[in-house]
Amino acid sequence: MYSQFRPAASSANTPSVDEQFTPVNVDNPALRMDILKRFLDLQYKGSHRNIFSATAPPPPPPPVEVKAPENVLPTPTPVPTGPPPLTVDAKYFGYASDAKGSHRRAFFATANNEEVVIVGEGDTVLGRFRVVRLTSTSADLEEIASGRRATMTIEEPGPNG
């Protein structure tokens with residue numbers, strides 16, 4: 001079976017390997033010594049671990065601490081300050097509830113005591129604040145724009161009303 005695929009012992013039509021070779025067209029085939037020197041000067045900066053060893057490499061040396069002079073005081077780290085406290089330009093001066101105590105209404109007076117606003121839980125006060133929770137002693141408000149919260153305690157009227 002394989003006799004038909006066997007090459008002939010002497011074939012005049014087959015070119016030799018030397019006849020097939022064509023050199024690459026290079027203008028200057030000289031070795032670039034400047035590039036070679038740059039690569040020879042490179043230093044390996046890795047861990048120098050033996051890749052053929054199954055043991056773990058030694059741990060890196062601990063970092064060296066630089067001690068500051070003793071006469072210099074360390075600078076305190078700045079404490080991040082949050083947003084400024086929420087101020088409400090009204091005062092919580094009372095509340096009312098039904099007999100069961102489930103529907104509460106709060107009484108707020110504007111800053112100059114000219115207007116009284118009566119609101120329930122979920123309503124808005126002064127167009128900026130939403131009443132989150134009402135108790136007999138405090139009212140929790142949330143600023144609608146930012147979501148910040150404030151708790152107002154009930155203010156008793158002074159001796160002059």
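## Close-up views of a predicted model

View 1. You'll find S136 in the loop between β5 and β6. Keep in mind that this is a predicted model. Is S136 buried, exposed or partly exposed? With a relative accessible area of 37%, S136 is partly exposed, because that value falls between the 20% limit for buried and the 50% limit for exposed. Now look at what S136 touches: leaving aside its neighbours within four places in sequence, S136 is in contact with Y95, R104 and I154. Take R104 as one case: along the chain, S136 and R104 are 32 residues apart, yet in space their C-alpha atoms are 9.3 Å apart.

**View 2. Three strands make an open sheet.** Here the strands line up in the order β1-β2-β3, and the pairing is antiparallel. Which strands sit at the edges? They are β1 and β3, each of which pairs on one side only. From one strand to the next, the twist averages 25 degrees. Zoom in on β2 and β3 and you can count five bridges joining this antiparallel pair. As background, strands of a sheet pair through backbone hydrogen bonds, either parallel or antiparallel.

**View 3. A look into the largest nonpolar core.** This core has 16 residues, and the ones with the most contacts inside it are Y92, F108, V131 and L141. Which elements give two or more residues to it? They are β1 (90–97), β2 (104–110), β3 (116–120), β5 (129–134), β6 (138–143) and β7 (149–153). The largest share, three residues, comes from β5.

View 4. The structure holds two aromatic pairs, and one of them is formed by Y92 and F108. Their ring centres are 5.4 Å apart, with 35 degrees between the planes, and the pair is tilted. Y92 lies in strand β1 and F108 in strand β2, so the pair ties together parts that are 16 residues apart in sequence. How accessible is Y92? Its relative accessible area is 0%, so Y92 is buried. F108 counts as buried too, at 1% relative accessibility.

**View 5. A charge over a ring.** For a last stop, find R38 and F39. The charged end of R38 sits over the ring of F39, 5.4 Å from the ring's centre.

Key. Residues are numbered from 1 along each chain as its sequence is written. This is a predicted model: local features need pLDDT of at least 70, side-chain atom pairs count only at pLDDT 80 or more; totals for chains, interfaces and linings use all residues. Side-chain values use heavy atoms; hydrogens and water are left out. A nonpolar core is a set of buried Ala, Val, Leu, Ile, Met, Phe, Trp, Tyr and Cys residues joined through side-chain atoms within 4.5 Å. Buried means under 20% relative accessible area, exposed over 50%, partly exposed in between (1.4 Å probe, protein chains only). Helices (H or I, at least four residues) and strands (E, at least two) are DSSP runs, numbered from the N terminus. Contact means heavy atoms within 4.5 Å. Two strands pair if DSSP finds at least two bridges between them. Axes are lines fitted to C-alpha atoms, for helices over the stretch in contact, and angles run from 0 to 180 degrees between N-to-C directions. Rings of Phe, Tyr and Trp (its six-membered ring) pair if their centres lie within 6.5 Å; planes under 30 degrees apart count as stacked, over 60 as edge-to-face and the rest as tilted. A charge sits over a ring if NZ of Lys or CZ of Arg is within 6 Å of the ring centre and within 35 degrees of the ring normal.
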